[in-house]
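Please look through the sequence and the three-dimensional structure that follow, and keep both at hand while you read the report.

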Amino acid sequence: MPNADVTVKGVFCVIVSLGEYPQTIKASGVTVDEGQSKTAGGLTYYKGSDDAWYVKQYENAKSSGEKYSDGTAVGQGGTSYKYFKVEPIKWRVVSTNYGGKKLLMANQVLSMCEYYDTKEEDRVNIHPNNYKESKVRAFLNGLEYNKSGTTDSSFLAKGFLQTAFSASELASILDTTVDNSADSTACPGVSPATGSVCENTTDKIFLLSLKEATDSSYGFPAHDAGSMGNTRIIKSSDYAKACGVDYPLLNPDRYGSIWQLRSPVENTSLQVPRYYGVRMCSDTGKIVGAALESSGAKSAGVVPALCVNN
C-alpha cells in the first residue's frame with residue numbers, strides 16, 4: 001500500500017440471469033457424448049457426463065498465447081476443437097429507465113460476428129457500416145441480410161435470440177425501438193456521424209450506441225477514459241475466445257476484450273476509397289473508431305443488449 005491516504009472508488013451493478021449460451025471450457029474430468037444431442041437455434045448441444053449440455057467449437061484464437069479460464073492455451077487456425085458448457089447468461093442492469101423499460105447488457109463478451117462481410121459499398125446507397133443492414137444485427141436477431149446483392153439466410157430464425165432463450169424467456173424480452181439517429185452516434189467530444197446513419201430499427205437484441213456507452217447515468221465514463229476499473233472493460237467467455245475474439249495478452253486479469261458498438265464512424269473527406277468504420281470499446285474501455293477491414297474490427301466481440309419490463 002502507498003504511504004499516503006488513497007481514495008478507493010467501488011463500481012456496483014445488479015446482475016440478473018436470463019437465457020443460456022456456451023461459455024466455459026469443459027472441465028477435464030467431464031466426457032461428452034455426441035450421440036446425445038439437441039438443436040438450439042443455430043447451435044448443436046451435446047450431453048456431458050455431468051448432465052450439462054456442451055457445444056463443440058473449433059478453436060481460432062486471434063493470437064498465440066491466449067488462454068482459457070482453466071489456464072490451457074487457446075488453439076489457432078480452426079484445426080482443433082474444444083467443448084464449452086452451456087450456462088446461464090449473466091446480464092448487467094444498465095438502467096431501469098430506458099424508455100420505461102429495464103436495459104440489460106451481457107456481462108461478458110459472448111461471441112463474435114463481423115459488423116459486415118466487406119468494407120466495400122456493395123449495396124446501392126447503403127454504406128457497409130449501416131447498422132440496420134448489418135450482418136451483426138442479423139446474427140443477434142435471427143434475420144436475413146443482404147450480402148453483395150444477394151440474400152444471406154445463414155442466421156434466419158437461428159441467431160443469438162433463437163439460440164439463447166426458451167419460448168417463455170423470449171416472451172419476456174421486449175421489442176425495442178433502437179435509436180440509429182445521428183444523435184446516437186455522438187457524445188461530448190465526438191461529433192455525430194451523418195453519412196452512414198440509418199433508420200431506427202425495432203429489435204429484441206441490439207448493440208449499445210456510442211451515446212449509450214458514454215452515458216454517465218448508466219455508470220459509464222467519458223469516451224476517452226481508458227483505465228483499470230472502467231465499467232466498459234468486459235472480458236470474454238472461453239467460448240468467445242475460441243471463436244476468435246481479440247483478447248489482451250498484456251494484463252488479461254485487468255483488461256478486457258475488444259467489443260462492438262452499433263454506431264458508425266466515417267471519414268467524410270474526399271479520399272478514395274472512403275473510410276468506413278464503427279465504434280469499438282478497446283481492452284482498456286476506451287472507445288475508438290475502427291475501419292471495417294481492420295484486424296480489431298474483424299475480431300471484435302459481441303456484447304448483446306436487450307430490454308425487459310421493470
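This is a predicted model: local features need pLDDT of at least 70, side-chain atom pairs count only at pLDDT 80 or more; totals for chains, interfaces and linings use all residues.

Residues are numbered from 1 along each chain as its sequence is written, and side-chain values use heavy atoms, with hydrogens and water left out.

**The whole protein**

The secondary structure comprises six helices and 16 strands; helices (H or I, at least four residues) and strands (E, at least two) are DSSP runs, numbered from the N terminus. Along its principal axes, the C-alpha trace spans about 65 × 55 × 40 Å. The radius of gyration of the protein is 19 Å, which agrees with the value near 19 Å that a compact globule of 310 residues would have; this radius is taken over C-alpha atoms, and the globule rule is 2.2 Å times the number of residues to the power 0.38.

Of the 310 residues, 48% count as buried, where buried means under 20% relative accessible area, exposed means over 50%, and partly exposed lies in between (1.4 Å probe, protein chains only). Among the contacts with a separation of 6 or more, 62% are made by residues 24 or more positions apart, a contact being heavy atoms within 4.5 Å. The mean positions of the 31 positive and 33 negative charges are 2 Å apart. For this count Lys and Arg are positive and Asp and Glu negative, while His and the chain ends are not counted, and the place of a charge is NZ of Lys, CZ of Arg, CG of Asp or CD of Glu.

**Strand 3 and its neighbours**

Strand 3 (residues 43-48) is mostly covered, since five of its six residues are buried. Strand 3 pairs in the antiparallel sense with strand 2 (residues 32-40) over six bridges, and also in the antiparallel sense with strand 4 (residues 53-58), over three bridges; two strands pair if DSSP finds at least two bridges between them. The hairpin of strand 2 and strand 3 has two residues between the strands, and Gly-41 takes a positive phi near 60° there. In the hairpin of strand 3 and strand 4, which has four residues between the strands, Asp-51 takes a positive phi near 70°.

Which residues are the bridge partners of Lys-47? Asp-33 has Lys-47 as its bridge partner, and the partner of Lys-47 in strand 4 is Trp-53. Both Asp-33 and Trp-53 are among the residues that Lys-47 touches, as are Thr-31, Val-32, Gln-36 and Ala-52, not counting residues up to four places away in sequence.

| Residue | Relative accessible area | Class |
|---|---|---|
| Lys-47 | 17% | buried |
| Lys-298 | 35% | partly exposed |
| Asp-224 | 48% | partly exposed |

Lys-298 lies in helix 6 (residues 295-298), and it touches Met-112, Glu-114, Leu-292 and Glu-293, again leaving out residues up to four places away in sequence. From C-alpha to C-alpha, Lys-298 and Gly-41 are 24 Å apart in space, and 257 residues separate them in sequence. Asp-224, by contrast, lies in the loop between helix 4 (210-213) and helix 5 (238-243). Asp-224 and Asn-251 are 27 residues apart in sequence and 20 Å apart in space, C-alpha to C-alpha.
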